[in-house]
Amino acid sequence: MQLTVNGETIDATGSPPSQTLLRFLRTRAGLCGTKEGCASGDCGACTVLIARPGEAPRSVNSCITLLGSVAGEAVVTVEGLAGSEGPGRHPVQAAMVDCHGSQCGFCTPGFVMSLAGLYAGGGRGDEAIREAIAGNLCRCTGYRPILEAGRRMYDYAPAPVVPESGAPAADANHGEALPAGYYRPRKEAALQALLREHPGAWLVAGGTDAVLEITQQYAAPDPVVDITAVAELCAVEDRGDALRIGAAVPYSALEDCFAGLSPPLVAMLERLGSRQIRNRGTLGGNLANGSPIADMPPVLLAWDARVEIAGADGRRREVPVESFHRAYRDTVLEAGEYVAAVQIPRGSLSRPHRIFKLSKRFEDDISTVLLALSLELSGDRVGEVRVAYGGMAATPLRATIVEGVLTAATLDDRTIERACSAVAETFTPIDDVRASAAYRRAMAAALLRRALRELRDGIDLGIDAVEPLHA
Amino acid sequence: MRKLAPQAPQEPVGKGSADPVGKGLPQDSAWRHVAGTAVYVDDMPTYPNQLHVATGRATVARGRLTRLDLSRVRVAPGVVDVISAADIPGNGDIAPVFAGDPLLADGEVLYLGQPVFAVAATSFEAAQQAVALADIDCEPLEAIVDLSTAVEREYYVLPPHEFCLREPEAALLAAPLTLDGELRMAGQEHFYLEGQVATAEPTEEGGVHVYSSSQHPSEVQKLVAGVLGLPIHAVQAEVRRMGGGFGGKESQAAMPACLAALFAVRTRRPVRHRLPRRDDMVQTGKRHPFWNRYRAGFDDRGRLKGVSMVLAGDCGCSADLSQGIVDRAMFHADNAYNFQAARIRGLYCRTDKVSNTAFRGFGGPQGLITAEAMLDDIARRVGRDPLDVRLDNLYAEGDVTPYGQPIEESVLPDLMRQLADSCAYRARREAVARFNASQDEVRRGLALTPVKFGISFTAKHLNQAGALVHIYTDGSIHLNHGGTEMGQGLHTKVAQVVARALGVRYERVLVSATRTDKVPNTSPTAASSGADMNGMAALDACNRIKRGLVAFAAEHFGCDAGEVEFADDRVHAGGESLPFEDFIKQAYLARVSLSANGFYRTPAIDFDREAAWGRPFYYFAGGAACSQVRVSALTGEYRLERVDILHDVGDSLNPAIDLGQIEGGFVQGLGWLTTEELAWDDRGRLLSDSPANYKIPTAFDLPAELEVRLFDRANHAETIYRSKAVGEPPLMLAVSTWCALRDACASFCDYRFNPRLDPPATPERVYWAIEEARAGRPA
């Protein structure tokens, strides 16, 4: 097993492939510039870049990226950046110094790498900068000087982010040379063979949730089957009547995929985790972990999506997404089965829709309540309608009673209020660390009211739709 | 958008511009931060025989340990040593002031998650995996985990305390109007990005060298010696830097340092204890929650006649630093306002949870926000703009605080008026009123609030500092002082002081790690006092060296001592002028001492806690902020549209660093008052134990428009080059945002009253506040 770090090939033989990339960098590679702040992908202090030939480098949280999953890849750490004045003097680094962007300095390498990722792709403007650093926490500066650095980093003599020798020589080594106990198959057939051979294998994709078992509970899974390189699972296919999205497609690819199709989804994705999380986390993982507060399932419910499930024996079946979740963190996946893909019918996708996410903090926070609603209107008459929520029950759930109220009704204020009242009959949410049950109930109705009024009247009732104050 | 731009890339300080004081120099470690070469404790190389520590936790909030079977732990892979309280050779209590903070639970369990035993193993993971194998039984006892119950049952860690000014009860009776109010505010997790960590290496003398991420290396040294039963000189503590502190590494750094040291001495191996984030959040203290109640008497213009307040601090399971913290809440319950007559009562409540501790502001913010809430409530009652009520009640020179300190310098009336003008407060107040009258879904709020913060440790003996300055024969200068670097730029500021004092280029001065064997018996780097005290001590050290150098120069060059001048990186004596390094070489050859230690103790402070009267503070620092927000009635979501800050730092030692403290402090305060919500269950278990469910601000949360300016006026007190302390006060500028949110909520009842909005004002709480306002009467 080997990988390229800052342009140099490192033989990682002897390092456990199921340890995190962060641990490998800080111990075996002796590169301590990359920090551990949380070991859960929430703070960004461990941010590094993964570079592939011909692609813009992607920022990832090295604290929840397994070493085996980046075997053969090229990694750039803060130590790998250089500018015209030498190592550690990259334009991003110079801008951070000149803008007083560091105080205690502990989060700084993470910010530098997130900004370097932006710099490598040529991203500019405050929104792009904020988006790039939304997954990086700083407790000292208040961020203003870091945003300033993001604006000014282009004012210096340009320098590459990925060292000249940074791209792996051959095509990335996807598993052939991995040590026993860690498998990274490249074909679905190989994946299925592995699942037959190792029925108890620990299946992992981007690992943005699963790897927390290792970093928080100190689990030592064996063997690990990493599906991020399975070609069929990484494909997005437009089948005309439906979009077929492979289970291992990361959120960042979904952002591109839905750019023209669903602005509401793209806006929501920008608040799903962070850039680092979206570069690793996958659609399939968001379904398969069975979480009631996952952000994609309500959207898939609103679009009548179907989940393609495959088994170790090669058998495939399809279930509507609404029957995929059985109970709290429990799905219909049987032993040896995995999510292969999700199909979204074009017809459903073309219905007008709204996706609203509420969270305590705007960026990089788990939803308190998420509403996804799609609705066909002919005149003021409601046709097909789907209303789905996250955070309101033990599973992501369609509000069928509400749909019943709306279907074939005239979308007047009375109908809207009846629909909002019907929300209360559908859900008995819980109090937890994110919100009270009462607030969740009120919000389920409030978001529904907003969505229905917006679709009916063609308006934006959001907090960001108001005019600036004219003094 | 901002007027005070960050300084351009720094030109080397050469002849003619040699004085670095007042320049926005980057932090001395800035290039190392961005390059990843700045070394934190966990970045230090490990030895082949390195051990790592993990702790096992108590499973009840209060109780007795009835069973502690560690046999499976001892035989777990990689485990080298296991200890519990009985294995501590010295004093197992690591409390900083009063007794009551056992390193490991000794029979009695004080909170859920308390370390009960510790393991040293060959890897971090092995240690963590081993602790899970323990068999621990705790017999639960009745636990009090909420502050109201503690207040009701008088469950205290220390007896109540009181300030009294004039005759408050009579004043309240005589006042034309009175109002009662209360505010419950949550604590705050420090969330320093670098968690608590220490490494200990045994020394040949049988002692230990501890590398700690600590704001208080002398305390680490003392407690490690105590735990080991060794004299203090057998232990050295060293702090190169912290990855953030904010008060959380004042007393709380002791636990990992003491455990690492214990294992180091027992095993004769280097030992590291780094707390994983979850352990750090569960096992170390936070900002104190408070439940504060007030009664105010005032006239029909809102002018105060008398105030009575009860401030109940939630200290957690032990006193720790809580006396000073609740005291400081009491010292700031007046904020900037003349209460005329006052009774301020402080309660030091115990709850069976992790002991709460220092956090930037040290209780001050919890007192101050109560005054601001009260002034807002009074303004609603008398129907005036809250800013006018505030201005009418500000202290003037000659007034006296509820604890007897006379107001010698009153900058806030000027400062607030300047800010109100520059940020167009009046015009925007009218525009906000027009906007709010125009529609119902989204409303705006505006508030301008001051901060007055007392500078000095209220424990008088801590107001002392030391420094050590060496000049080497090539003219390079090495500086150590008692303060620690946690990101606040202290080393840079003190180096600037030394460079000015010796008239040399800033680049000549190198600051290295803070060590207890360089400068002994230091105070914590806390109370915003770092630059004030260590700057003065370093200046004293420079002056001591200079005395010898001046005498030498006068003799050598045959001039009067008064004709010797250190400036522009040169030494001028009589008609001669030579480069600093040449002069130093000559002084060395002439056997003149080139090294000195310096000392400083803050003058003028004199406070009698028993009498609750006197002068606890050398001076006051502060500023004011104006926040403009908008809120959604639909969801309670809000946006911070604009913040204008005018902050008094006296003559700034380094405006770039001061700006960083102001902005960073503001956003940290913003987090406390908006999205940072600590949640506990009724058994005393911390639910918000990770950054996944405890949300500090991100870049999105800072104001869309932010303008920060420094108030340009020298400190009236004789501080280091007339600068003012800046560490803590800016945190409280964020109170303006909380007041603005409440102002926006109050618009839904036409400002007849302020709905309840206990901090943190999460979207949910804002939603309920709006609902209360819409219902038209206080809930």
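Residues are numbered from 1 along each chain as its sequence is written, and chains are lettered from A, with ligands numbered from 1, in the order in which they are written. Because the model is predicted, local features are reported at pLDDT of at least 70 and side-chain atom pairs at pLDDT 80 or more, whereas totals for chains, interfaces and linings use all residues.

The model scores ipTM 0.97 and pTM 0.97. In chain B the mean pLDDT is 96, and 98% of the residues reach 70 or more; pLDDT is the predictor's confidence in each residue, on a scale from 0 to 100. Residues 1-16 of chain B stay under 50, and the model has 29 contacts for them beyond four places in sequence. Where pLDDT is low, the predicted coordinates should not be read in detail.

The interface may be taken next. In it, 76 residues of chain B are in contact with 67 residues of chain A, a contact being a pair of residues whose C-beta atoms, placed from the backbone, lie within 7 Å. On the side of chain B that touches chain A, helix H17 (residues 655-673) of chain B supplies the largest share, 7 residues. Helices (H or I, at least four residues) and strands (E, at least two) are DSSP runs numbered from the N terminus. By residue class, this side of chain B divides into 36 nonpolar, 23 polar and 17 charged residues. Here Ala, Val, Leu, Ile, Met, Phe, Trp, Tyr, Cys and Pro count as nonpolar, Asp, Glu, Lys and Arg as charged, and the others, Gly among them, as polar.

One is an open sheet of 3 strands in the order E21-E22-E23, with antiparallel pairing; two strands pair if DSSP finds at least two bridges between them. Its edge strands are E21 (564-567) and E23 (576-579) of chain B, each of which pairs on one side only. Neighbouring strands of this sheet are turned by 15° against each other on average, direction ignored. Strand E22 (residues 570-573) of chain B pairs with E23(B) in the antiparallel sense over 4 bridges, and B:His572 stands opposite B:Ser577 in E23(B). Helix H16 (residues 580-589) of chain B packs on the sheet, where it touches E22 and E23 of chain B, and its direction makes about 95° with that of E23(B). For such angles, axes are lines fitted to C-alpha atoms, for helices over the stretch in contact, and values run from 0 to 180 degrees between N-to-C directions.

The other is an open sheet of 4 strands in the order E16-E27-E28-E29 of chain B, with mixed pairing. Strands E16 (442-455) and E29 (705-711) of chain B stand at its edges with a single partner strand each, so one side of each has no neighbour in the sheet. E16(B) pairs with strand E27 (residues 619-632) of chain B in the antiparallel sense over 14 bridges; within this pairing, B:Val442 has B:Ser632 in E27(B) as its bridge partner.

The largest nonpolar core has 422 residues, and those that touch the most other members are A:Leu448, B:Val119, B:Val210, B:Val224, B:Cys258, B:Ala261 and B:Val498. Such a core is a set of buried Ala, Val, Leu, Ile, Met, Phe, Trp, Tyr and Cys residues joined through C-beta atoms within 7 Å. A residue is buried if 20 or more other C-beta atoms, placed from the backbone, lie within 10 Å of its own, exposed if 12 or fewer do, and partly exposed in between. Helix H15 (residues 530-557) of chain B gives the most to this core, with 13 residues. Beyond four places in sequence, the contacts of A:Leu448 include A:Leu371, A:Val402 and A:Cys420.

Helix H2 (residues 91-98) of chain A is largely enclosed by the rest of the structure, because 8 of its 8 residues are buried. The buried residues of H2(A) pack against strand E6 (82-83), helix H3 (108-120) and helix H5 (144-152) of chain A, together with helix H1 (30-35) of chain B. A:His100, which follows H2(A), has a positive phi near 55°.

Some backbone features lie in loops. A cis peptide bond with omega of about -5° joins A:Asp222 and A:Pro223, and A:Pro223 is found between helix H7 (212-215) and strand E10 (224-226) of chain A. B:Asp750, although not a glycine, has a positive phi of about 55°; B:Asp750 is exposed, with 11 other C-beta atoms within 10 Å.

Note on methods
Two residues are in contact if their C-beta atoms, placed from the backbone, lie within 7 Å.
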